[in-house]
Amino acid sequence: MSAAPSAPDAPAEDTSAPGRAQPFTPPAFLFGGDWSPEQWDRETWREDVALMQRAKVNTVSLGIFSWACLEPAEGVYETGWLDEVLELLTAAGIGFFLATPTASPPPWFTLAHPEAMPVREDGVRLTHGSRDTYAISAPAYREASRRMARMLAERYGEHPGLRGWHLHNEYGTLDHGPAAADSFRLWLQRRYGSLEALNTAWSTAFWSQRYGDWEEITPPRATQYLHNPAQLIDFRRYSSDEMLAALVEQREEIRAAGSTAPMTTNFMLPTWNHLEQWSWADQLDVVSLDHYLDTTGPDAEAHVAYGSDLARSWSGGPWVLMEQNAWGIALGDRSVLKSPERMIRHSLGYIARGSQSSLFFQWRASRGGAEQWHSALVPHAGGSSRRFAAICELGDVLERIAPAVAPPAEGPLVEAEVGILWHADGWWALETPHLPHDGIRYAEELRATHRSFWRAGIPVDFVRPGADAARYRMLVVPCQYPLSDAQVRWLTEYAEAGGHLVITYLTGISDPSLQVAGGGYPGRLRQLLGVRVEELHPLLAGEEVTLDDGSVVAEWTELVEATDAQVLASYTHGELRGRPAITLAERGAGRAVYLSARLRQDSRDAFLLAQARRCGIGPTLPGAAEQGLEVVRRRGDGADHVFLLHHGAEALTVRGSGTELISGQDGADGVRIDPGGVAVLAVEPGAPLALVGR
Ligand code: GLA
């Protein structure tokens, strides 16, 4: 059973303004992490709870991989151990997220229901021995998951310490087996109505792929050469909808048992792209995110901001950081250590941008098992360690900044005038093979765009296609390769109503079925942009060219004709010399800018900053970002909380009339922030700030 698919022409159109019925507002910032008492003896449980109290931990996530302990044999439930754990936590005043453990079916389940194990693209059916081995559409798996959710809800759904339901863990196993084939066909029938419509949308006249019966259609399993791109993207959409249907079933079981606790599931960045996050967020009370950094350089800080801005945008307000890594940054074949100072600064970075928590994977480092070397709040060295002392320090800081947890009565948590369009369709489309340039990755493009604004100190939101974008003076659309008619209309109306639209290469090339719109690229947007692109000119690896405004370009250029637009910058090399590279079209009360070249990061920074300035958009605190000081104004209940996160090398002082929450200093005297340090200044809403030097 899968969720109703979106109509072919209108994938995931927005139907409502983002924002939960009630923003997720815990009594204080949630602090703690995944705790796996099933891996430890009772003496360690007691030691753990004492250490949690020492560190001021107030929340743990339980049960995420506990299926085998909770149901050791089919229909036989053992919850005594969990009752004991909850008693210990409750006596210590520590709350918990309770997971449904459905991400990791135990071995008995595999043996009893082999058809409920996922099948890879190459036809190999997986077995137990790791985790996430489930065929999402297999009836036995769905049934067992519903029963488990119901059992947990009946038993713990009204527990006073329950902070929320953590449904499953990082949904994301794709299945290509027979159960998936059946439900994929049903999804396609609902999306297309007839085989004729599907054949047309999928261009099956090519390579003799015409389908004469629904039964002939399979998931995109291993085949001789390239897959049909329309089949590939529909399978991604279907898989997201199918996993969402499974989540909704669990949610309904829990609600039917009478539990009213908030529902969430943890999304995963930077690599996991199996979900269409906006439609998922619609089904949750709060969005939560697992965020793992992939760089040790200054870009780690930009990455914290990127993940946070995405999560806040998906959630439409406050969100939950469900997992981060306390000490390690994964770099290929090794995990490089993060300093204690950086761990604290990053934790506040997430909170600045809307997180209601600082939760980690995991509480205590495992002695065995596949993740025994993953860092933890309590390292292998134990509670008497430099690392654990830093965790206690973070607990103190979080307690001091607790007043910032309450969201504003009205309006956004972080005010942004720049929106960046995000939709999984763009990511999935650019992952289909055999494009003019397979090395241009959606996530990298989005991150590069976000990075430019982060470097300039300008706040941004991510925006759902079809959303009310009127509050953004500028809307940037990077690499949204497929666009529906409705989305083209929405963009056009945004510009005509006075918005400043910036659209990049590889946007609007195709319809939702990935059929290229003819007559010149980007076929869906030619009129809006006033350009016609006859040829796409990817560059060679390492090749760089320039524009006459000094920009440096790598990877991608185009042969552009400005049919109804002014030229802002032109190419200066070879065949494209003198041809437009960046154009601007006046449209109604607004403008549509087209960027045909993939600018190198520094040039992208300059270009986007110039566009923002043109709209009168500036940084939160002028002069700060250039010196490595990240400034985020998190709006609250009757006050703004200005987070000052210093990634730079020289001490800086910021003045603002209010109190610095960590030190208690009077902000009117100026708050000095040392390199690597953090400060949170509580000021009157909208109160001015000044950077008063070193
Ligand atoms: C994920 C999972 C955790 C753990 C961490 C390790 O986010 O949810 O169970 O495996 O990754 O980084």
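Start by selecting E555, which sits in the loop between β18 (552-554) and β19 (556-562). Those labels come from DSSP runs numbered from the N terminus: helices are H or I runs of at least four residues, strands are E runs of at least two. This is a predicted model, where local features need pLDDT of at least 70 and side-chain atom pairs count only at pLDDT 80 or more, while totals for chains, interfaces and linings use all residues. Residues are numbered from 1 along each chain as its sequence is written, and side-chain values use heavy atoms, with hydrogens and water left out.

Back to E555: it isn't a glycine, yet its phi is positive, about 75 degrees. Most residues other than glycine have a negative phi, and most peptide bonds are trans. (Buried means under 20% relative accessible area, exposed over 50%, partly exposed in between, using a 1.4 Å probe and protein chains only.)

Now jump to L514, in the loop between β15 and α16. L514 is another non-glycine with a positive phi, about 65 degrees. At 11% relative accessibility, L514 counts as buried.

Stay in the loop between β15 (500-504) and α16 (526-529) and pick P522. The peptide bond joining Y521 and P522 is cis, with omega about -25 degrees. For another cis bond, select F361 and Q362, where omega is near 0 degrees. Q362 belongs to the loop between β11 (357-360) and α12 (386-400).

Next, show two helices together: α10 (residues 299-315) and α11 (residues 340-352). Their axes come within 9 Å and cross at roughly 30 degrees. Here the axes are lines fitted to C-alpha atoms over the stretch in contact, and angles run from 0 to 180 degrees between N-to-C directions. α10 and α11 are therefore roughly parallel to each other. (Angles under 35 degrees count as roughly parallel, over 145 as roughly antiparallel, 65 to 115 as roughly perpendicular and the rest as oblique.)

Which residues make the contact? Select A300, E301, V304 and S308 on α10, then R342, R345, H346, G349 and Y350 on α11. Contact means heavy atoms within 4.5 Å.

Now for the rings. The structure holds 24 aromatic pairs. Rings of Phe, Tyr and Trp (its six-membered ring) pair if their centres lie within 6.5 Å; planes under 30 degrees apart count as stacked, over 60 as edge-to-face and the rest as tilted. W314 counts as buried at 2% relative accessibility, and W422 counts as buried at 0%.

Then select W427 and Y442, a tilted pair, 6.3 Å centre to centre with 40 degrees between the planes. W427 is in helix α13 and Y442 in helix α14, 15 residues apart. W427 is buried at 7% relative accessible area, and Y442 is buried at 2%. To see the cluster that ring pairs link up, select Y171, F267, W280, Y306, W314, W422, W427, Y442 and F462.

Last stop: helix α13 (residues 424-431), where seven of the eight residues are buried, so α13 is largely enclosed by the rest of the structure. Its buried residues pack against α8 (229-256), α9 (277-282) and α14 (442-456).
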